[in-house]
Amino acid sequence: MLRSPGHAPQPIVSRHVAVIGAGAAGLVTARELRCEGHSVVVFERGDQVGGTWVYTPNVESDPIGLEPTRTTVHSSLYDSLRTNIPREAMGFRDYPFIPKDDPDRDPRRFPGHREVLKYLQDFTREFRIDELVRFETEVVRVRFMEEEEKWKIKSKERSGTEMGLELDEIFDAVVVCNGHFTEPRVAYIPGINEWPGKQMHSHNYRDSEPFRDQVVVLIGNSVSALDISWEVAGVAKEIHIAARTVIDGTFGKQPAYDNMWLHPMIKDVCEDGSVNFLDGSIVLANIILHCTGYKYHFPFLETNGIVTVDDNRVGPLYKHIFPPALAPRLSFVGLPWKAIPFPMFELQSKWIGGVLSNRFTLPSQEEMMGDVEAFYLSLETFGTPKRYTHCLGDNLVEYNNWLASQCGCPAFEDWRMQMFLVTIKSTLAHLESYRDKWEAQHLVLQAYEDFIKHTSE
């Protein structure tokens, strides 16, 4: 909340803040913290900004991502990936993601991943964020020191696979922006230990070539799972998609393909290579591709059990950001999904910056904890699984508008939300072509009117 007459005025302060990660969330957080007057250090394991938007053809040593000692790769991008949100809606609120007059840039409304990375690089240059970033520096441990109410961070310089200098530093606050597309979440399949085929998680999918002439079972029906299934169908002998629900309600052979079938979930698998589905159908498969999402993962964070990850619920967190017992000295940016990420990161970090400077006031620890408990109870009442705690979905506008109200910012733009809804509708109607057919031109005009208004202010 904004500081009100009912709260004793607090002096405006500047704090020394660590930001973990230089992806989209970390970059805008660094900017907002610095704008608020804080001293900022951004720790980035890689050698450039962009986080998950930095494509690499490299994959992990364990294709399914379960082996703890595997060589890890941060990015989950596949080569052909394009955004599933229009660029106008996707960009930061005060730094529009508009096409550049440059032959090397991608002007499409739903651009490829390389264009998103270039946008983040432009944003970094525009606001001189790179001067705050320590590249090739891995955060090893973040530990809360209760007596001092500060954080001790141990980091290591790294060059390639070589580890270098270790450093211990003290910070007033930590903002975790390390993303959540790195630690694979894998479906449980009875009999999988005896099944002779291969398994892969989509985290390690880069292109369709490894699936040529194979019989593939793909688990999942997210937008990226569907993108991958179309791509794999172009080279595979057969592709069988296992999904809890289907968009159009029709299981069986898919009319647009001669080699694609849609099934309910897998019942079990057998040592003869067969995959048995809940509807009784059986397929002899070569490979199972898990497009089953990711786990929140903070291996560096030590909070004495105050913050935990339980069935993909990070908690307890007030508004998906502050753990009540450690607020405002620990916060998270970017946990919610089924969201419009970049503008949400901007509002979350703006609120964090203002709270840390005492310009905005949080409720008491007890009030925040009560809010969290009421939220968890509402999820339970509606039968929402714990793993969907951070799924915004229908609450997207309400959540962003609440954040905007805390920061004294304008509400979420109507055109931005309408663009998001039009895209969802188009995805359902034209799964393969929605990115190249955009009919709601009036929303684009509204967006550009807003952009022009903003630049003239």
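I take helices to be DSSP runs of H or I with at least four residues and strands to be DSSP runs of E with at least two, numbered from the N terminus. By that rule I place Gln348 in helix 5. I note that this is a predicted model, in which local features need pLDDT of at least 70 and side-chain atom pairs count only at pLDDT 80 or more, while totals for chains, interfaces and linings use all residues. Residues are numbered from 1 along each chain as its sequence is written, and side-chain values use heavy atoms, with hydrogens and water left out.

**Entry 1**

Gln348 has a relative accessible area of 0%, so I list it as buried. I then looked up its contacts (heavy atoms within 4.5 Å). With neighbours within four places in sequence left aside, Gln348 touches Ile321, Val333, Gly334, Pro336, Tyr399 and Leu403.

Ala25, in helix 1, is also buried, at 8% relative accessibility. Leaving out neighbours within four places in sequence, I find Ala25 in contact with Cys177, Val333 and Phe345. The C-alpha atoms of Ala25 and Val333 are 6.3 Å apart in space, although 308 residues separate the two in sequence.

**Entry 1: helix 1 against helix 5**

Two packed helices are described by the angle between their axes and the distance between the axes. I looked up both for helix 1 (residues 24–35) and helix 5 (residues 341–356), whose axes come within 8 Å and cross at roughly 35°. The axes are lines fitted to C-alpha atoms over the stretch in contact, and angles run from 0 to 180 degrees between N-to-C directions. The crossing of helix 1 and helix 5 is right-handed, a term for the near helix being turned clockwise from the far one by less than a right angle, with anticlockwise giving left-handed.

On the helix 1 side the contact is made by Ala24, Ala25, Val28, Thr29, Arg31, Glu32 and Leu33, and on the helix 5 side by Phe342, Phe345, Glu346, Ser349, Lys350, Gly353 and Leu356. By class I record 7 nonpolar, 3 polar and 4 charged residues in this contact. Here Ala, Val, Leu, Ile, Met, Phe, Trp, Tyr, Cys and Pro count as nonpolar, Asp, Glu, Lys and Arg as charged, and the others, Gly among them, as polar.

**Entry 2: salt bridges**

Side chains of opposite charge can pair when their charged atoms come close. I count a salt bridge when a side-chain nitrogen of Lys or Arg lies within 4 Å of a carboxyl oxygen of Asp or Glu, and the structure holds 33 of them.

Arg31 and Glu32 meet in one of these, at 2.7 Å from N to O; Arg31 is buried with 3% relative accessible area, and Glu32 is buried with 7%. I also find Arg31, Glu32, Asp94, Glu346 and Lys350 linked in a network of salt bridges.

Glu36 and Arg359 form another salt bridge, with their closest N and O atoms 2.8 Å apart. Glu36 lies in the loop between helix 1 and strand 2 (39–43) and Arg359 in the loop between helix 5 and helix 6 (365–381), so the pair ties together parts that are 323 residues apart in sequence. Glu36 is buried at 16% relative accessible area, whereas Arg359 is partly exposed at 37%.

I count two strands as paired if DSSP finds at least two bridges between them. I find 6 strands in an open sheet with mixed pairing, in the order 9-17-10-11-13-12. Strand 9 (198–201) and strand 12 (252–253) stand at the edges with a single partner strand each, so one side of each is left without a neighbour in the sheet.

Strand 11 (residues 238–242) pairs with strand 13 (residues 260–263) in the parallel sense over 4 bridges. In this part of the sheet I note Ile239 opposite Met260 of strand 13, and Ala242 with His263 of strand 13 as its bridge partner.

Strand 12 pairs with strand 13 in the antiparallel sense over 2 bridges, and a hairpin of 6 residues joins strand 12 to strand 13. Lys253 stands opposite Trp261 in strand 13.

Methods: Buried means under 20% relative accessible area, exposed over 50%, partly exposed in between (1.4 Å probe, protein chains only).
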